[in-house]
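Have the viewer open as you read.

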Amino acid sequence: MKVSNLTTLLQKSITTDQAKELHCQILINSLKNLEPLLIRQTLKYSSHYSPRISHYVKSILRLMQNPDVFSTSSTIRYLSQHGQFREAFSLYVQMHSSGLFPSTFAVSSALKACAKILCQIGGLMIHGQVEKFGFRNVVFVQTALVDFYSKMGDLMIARKLFDEITEKNVVSWNSMLAGYVKYGDMATAQNVFDEMPMRDVISWNSMVSGFARAKDMEQAYELFRRMPERSSASWNTMVTGYIQCGQIELARNFFDAMPERNIVSYITMISAYSKYGNVESAKDLYDQVNEKNLLLYNAMIACFAQNNRAKEALQLFDEMLKPNVNFQPDKMTLASVISSCSQLGDSKYGAWIESYMRESGIRMDDHLATSFIDLYAKCGDIEKAYELFNGLQNRDLVAYTAMILACGINGRAKDSIKLFDEMMDADIIPNAVTFTGILTAYSHAGLVKEGYRCFKSMETHGIVPSKDHYSIVVDLLGKAGRLEEAYELIRRMPMQPHAGVWGALLLACSLHNNVELAEVAAKNCFELEPDSSGYRSLLANVYASAGRWDDAKRLRVGIEEKGLVKIPGSSWMDCATS
């Protein structure tokens with residue numbers, strides 16, 4: 001293929017697949033000088049972020065004999081613009097290490113990335129390079145520095161740099177304003193706002209969001225009302241403010257009044273409904289959007305996953321991957337999907353996701369690894385879970401809790417206790433779910449004294465034990481034959497026990513043939529879950545063990561006559577293992 005033909009084709013809009021075809025021709029014809037143009041066009045016509053495109057472009061850069069500044073800068077800018085800040089900064093570091101002289105666009109994009117991920121060392125390094133390369137008087141580089149120090153919370157340096165800008169534009173003013181707003185200094189923010197020689201809609205939105213974040217919705221509304229022009233972001237800020245104040249109906253009223261809604265508007269409301277468990281309203285809004293994007297899919301998949309509707313989450317994920325939709329999932333998508341697999345105990349689907357990540361060049365970070373730990377643990381593959389856990393760079397509360405719970409529910413009590421002690425030594429404060437895991441471990445191991453002491457320690461961590469925690473401790477005491485103590489613990493509960501608590505006592509009574517307490521526990525279970533046969537069967541077994549055959553027969557006949565069935569998979573441990 002002639003050079004002129006290739007150049008003409010590269011001037012047009014191209015997809016990733018077309019780019020790969022053209023790249024083949026470039027390599028076959030030894031026209032590597034056209035690779036920078038290929039990179040530019042591939043990124044230019046990519047309307048949204050795609051891990052596939054990112055992986056492909058970075059592979060070209062890696063294999064280029066002489067990487068050029070323009071191609072690398074364009075890629076850094078693409079990654080930064082699409083929220084891939086760590087990748088953007090990493091590529092900038094590689095660019096600097098290779099000896100390439102960065103462009104002002106690369107510097108400002110890398111600074112933006114450092115500001116977003118709060119990478120102080122990276123930002124300081126780039127600031128030094130700004131001085132070295134003579135970029136200190138370039139207004140958008142100066143503005144990026146103001147934004148960086150503002151986001152790092154160093155408002156004194158940010159203000160000093162801001163004052164040094166001789167030709168401030170509205171973006172410079174907005175960067176300084178946003179810094180004061182972010183850290184809640186609304187008095188200084190108001191002074192900056194009043195001093196601004198010109199304001200745009202972003203300036204107004206900053207102030208509205210500041211008052212909204214401070215939950216001063218009266219002042220936020222007053223500013224919103226005075227705005228000379230409003231964008232979708234202005235309306236979204238008000239919607240978000242009312243959501244943060246717990247006023248969902250007012251948020252919905254603003255949403256419905258919006259003259260023009262964008263994807264962010266829908267995602268904001270869907271996320272709010274998800275938080276409050278109103279999945280149907282979230283789904284109704286999702287269905288209203290004709291042109292969906294990856295972020296909207298992420299919001300709805302997360303909504304299903306967070307509200308225990310795992311099958312629907314996976315169905316929507318499958319729809320997203322269909323050729324007529326074909327959105328490339330990102331790490332947020334995958335985290336929700338892995339969570340759904342955990343809920344269903346579907347390790348095969350989880351293994352497929354791991355394979356998909358490898359093929360798509362999606363790196364396994366600690367967050368995704370922790371999700372996989374939870375999945376494999378719930379599927380009983382503790383060795384795989386341990387392998388991932390040991391490979392974590394930073395073991396946080398979520399990771400420890402996943403492993404403690406995993407070992408607890410899979411009968412590896414010693415491992416669970418060891419992990420809990422290790423976590424406490426690392427000064428990581430446990431949460432309610434951590435205690436579910438460690439209490440389950442003590443229950444499995446029959447360590448009554450240690451388990452009860454652990455239960456009482458919840459208060460020192462500011463955690464109020466839930467009904468499910470009481471269920472586990474009742475089981476712990478009950479298995480050890482300390483039925484009266486278990487019963488007394490239930491009587492002292494500060495809330496009404498659920499069937500799981502009484503069911504744990506009933507199960508213990510059946511193990512130790514205590515008819516009197518079994519009748520008390522069963523009576524409460526029958527009242528709380530009248531349609532479940534499991535509790536009646538347990539009491540019938542207690543009667544049979546005590547030789548009360550007539551009572552046992554009466555219960556079993558009653559089960560058959562009423563057509564009661566045991567709830568599949570239901571037990572007092574449900575909340576401990578879900």
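## Where the helix starts and ends

At the start of H13, a side-chain oxygen of Asp200 comes to within 3.0 Å of the backbone nitrogen of Ile202. H13 itself covers residues 201–213, 13 residues in total, and spans 18 Å from first C-alpha to last, close to the 18 Å expected at 1.5 Å a residue. (Helices are DSSP runs of H or I, at least four residues, numbered from the N terminus; the expected span is 1.5 Å times one less than the number of residues.) Just past H13, Lys215 has a positive phi of about 60°.

This is a predicted model, where local features need pLDDT of at least 70, side-chain atom pairs count only at pLDDT 80 or more, and totals for chains, interfaces and linings use all residues. Residues are numbered from 1 along each chain as its sequence is written, and side-chain values use heavy atoms, leaving out hydrogens and water.

## What covers it

H13 is mostly covered, with 11 of its 13 residues buried (under 20% relative accessible area, 1.4 Å probe, protein chains only). Among them are Trp204, Met207 and Phe211. The cover includes helices H11 (170–182), H12 (186–195), H14 (217–226) and H15 (232–244).

## Packing against H12

H12 and H13 pack at about 165°, their axes 11 Å apart (axes are lines fitted to C-alpha atoms over the stretch in contact, with angles from 0 to 180 degrees between N-to-C directions). The pair is therefore roughly antiparallel (over 145 degrees).

From H12, Met186, Ala189, Gln190 and Phe193 meet Ser203, Trp204, Met207, Gly210 and Phe211 of H13, with contact meaning heavy atoms within 4.5 Å.

Key. Helices (H or I, at least four residues) and strands (E, at least two) are DSSP runs, numbered from the N terminus. Buried means under 20% relative accessible area, exposed over 50%, partly exposed in between (1.4 Å probe, protein chains only). A polar contact is a pair of N or O atoms within 3.5 Å; within protein, one must be able to donate a hydrogen and the other to accept it, and residues adjacent in sequence count only if both atoms are side-chain atoms. Angles under 35 degrees count as roughly parallel, over 145 as roughly antiparallel, 65 to 115 as roughly perpendicular and the rest as oblique.
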